[in-house]
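Subject: Handing over a structure

Hello,

Here is the structure I promised to pass on. Please have a look, then read the notes below.

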Amino acid sequence: MRNGEEKSMRKVAFLLGVIVLFAAIGWAGEFQGSKIIITSVVTGDTELFVVDPYFGDWQNISRSPASQERYPMWSPDGSKVVFTSDRDGEDTYNVYVMDADGSNVHALTHVKPHGDCYFPTWSGNLIYFGYDPGDGSEAMIGRVSQDGRGFTLIAPGRDPAISPDGKTIAFTQKVGKGYPVFVMDADGKNVRQLTTHEDEIGAVTPTWSPDGKKILYSDTIGETLELFVCDRDGKNQKQLTHLGKIASSPAWSPDMKYITFRVTDYPYWRYPDSKEYVYREKKPDKRPVWVMGADGSNPRIIEALHFHCALDGSRGVWKP
Amino acid sequence: MKHIGLIALMFLAGSSIGWSEELAGYKLVTASFRTGNSEIFIVDPATGDAKNLTPHSGSYNRYPAWSPDGSVVSFVSDRDGTFNLYVVGTDGSHLQQLTHEKAGVVAGMQSWTADGRWIYFGLFGKVVGERWPNSKHGLICRIAPDGSRFEIVGEGIDPAVSPDGSTIVFARVLSQGHVLFAMNSDGGQIRQITTHEYRLAGVHATWSPDGKKIIYADQVGDGLELFMCDPDGKDQKQLTALGKGATSPSVSPDMKWISFRLTEEIYWTDPARSERAYKERKADLRPAWVMGFDGSNPHVMEALHYQTMIDGSRASWKPR
């Protein structure tokens, strides 16, 4: 014990008590029992971690230092995780599935070199994902079954999310200057535009509520990106965040009380030079995961997910 | 657009990153406030796994130290009104309180003998004058890991017992500041082993696992650097030259590595600055670093970069 530290410790004992009490009130056990899966750069590459936001435990479930792992998503029952990885070839991201403890990994897709699968979501035994062919041709939305059969490119689009009932895909595609939210049937038919504002920043990342009645998405307010919610038919659009930053990649808690999302200072993915810089430097303190009430109330950082999170648009996804 | 990218690069620039695949297979225990409270975490520096041993105790937990077989961690917590000594299994089970001091007395800075029979630690506060007349330092005590056989063995701060249990190194304040002392485990044969008296405290010496070297902090200019010497004080060698506050070293069981904490500011010598540090709990000012046993290649351990060690807690290596 340091002499000076000891003296000052007694003087601040009361203050510390107040601080600890405040922190405890701030948490209030509200996330006890929750698990959130994220991508993290804490090991130097990107790996997938299951994080307990209440206890602060982190478990690396991908453990593949020779490759990049991204875009984790739980199976509907929480027993498996689907994600993307470049382990079978640099600059080519395929869809993989594994048990939630990291065992039994196998590939579901085998796309062409430079192809990029991203944002997988899961309903029933089908996994839907975004697919950028990497050859300049049109971005598509794909589907594959959880046993790797039935690979299909359904329709043009980006950032797909399958509804919990498996009937509807929310997605985005460019219209005019930017990206509004669309939905279509799971077979690619019956495309409807839900929002009219053309988000020029991108990162729309529409997300279904667990009950399938609402869609969360990002849209531009000036030079910033804020989170919005609307009904599945596009009605009742409501702005949830007012942070004046770049808020994207939302996810609902299974009880629909909370929404996690990531906040960045700058949409670095818009420009090749800033994107390249961010991926090369992997600054650990620029992409915290935030949480707020489902109505947008009380937005704040989840301290256990403050650092090392998600270079890409990976969500902090709540275990079902 | 170009200039926006440049602005982005400017504010994205920040701390540098050092990755740690070289640390595969090791585990460290430390104090972290990643949940909002200061809690004891076992961290794998290669995989980033983190396990909370004191989950939401509603208290302040610090100064963890491994038992020699790595099955138990001792630490201090204020959950019983003041900082008392506890042990807990590394799976979080079998929590036991060892000391029962009352308000005004603070326990801290433990170390174990290699045979697991004794935990040596310090007691500070008003107890000093009551139990050790004319004392101006803290008390150096020992207790069995089951809470029995408590003894006061001497006077000083920052005690660390040698692995063979024969020698305690500790600090005392002479007219010009702190220096390092040693004594036998029964409190006899007190001898001064360093001569440089300095004002910054944070001596916090540790032993190498083979018992042949002592690593401690000493002042160089306005900073604290780590030094190594023989148990008799000979062969003193400066290990770090970082110009900041390098303290709280720990040597890996294979004697390849030394971990330490590096503070931007030596706040504990000034009650007001110390109070501010504890109040603000800034997450990025006290990373754990690692270097070779000879002081080579010092760098941040990314898994222990943030939210660690606001007090003088070590990042202690698990024995093998």
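What share of the contacts in chain B with a separation of 6 or more comes from residues 24 or more positions apart? The share is 42%, where contact means heavy atoms within 4.5 Å.

First, the ground rules. This is a predicted model, in which local features need pLDDT of at least 70, side-chain atom pairs count only at pLDDT 80 or more, and totals for chains, interfaces and linings use all residues. Residues are numbered from 1 along each chain as its sequence is written, chains are lettered from A and ligands numbered from 1 in the order in which they are written, and side-chain values use heavy atoms, leaving out hydrogens and water.

Now the overall build. Chain B has 3 helices and 24 strands (DSSP runs: helices are H or I with at least four residues, strands E with at least two, numbered from the N terminus). Its C-alpha atoms fill a box of roughly 70 × 45 × 40 Å along the principal axes. Of its 320 residues, 61% count as buried (under 20% relative accessible area, with a 1.4 Å probe and protein chains only).

One sheet to look at: in chain B, 4 strands form an open, antiparallel sheet in the order β4-β5-β6-β7. Strands pair if DSSP finds at least two bridges between them. The edge strands are β4 (61-66) and β7 (96-97) of chain B, each pairing on one side only. Strands β5 (residues 72-77) and β6 (residues 84-89) of chain B pair over 6 bridges. B:F75 has B:Y86 in β6(B) as its bridge partner.

Best wishes

Terms used: Buried < 20%, exposed > 50% of the residue type's maximum accessible area, 1.4 Å probe, protein only.
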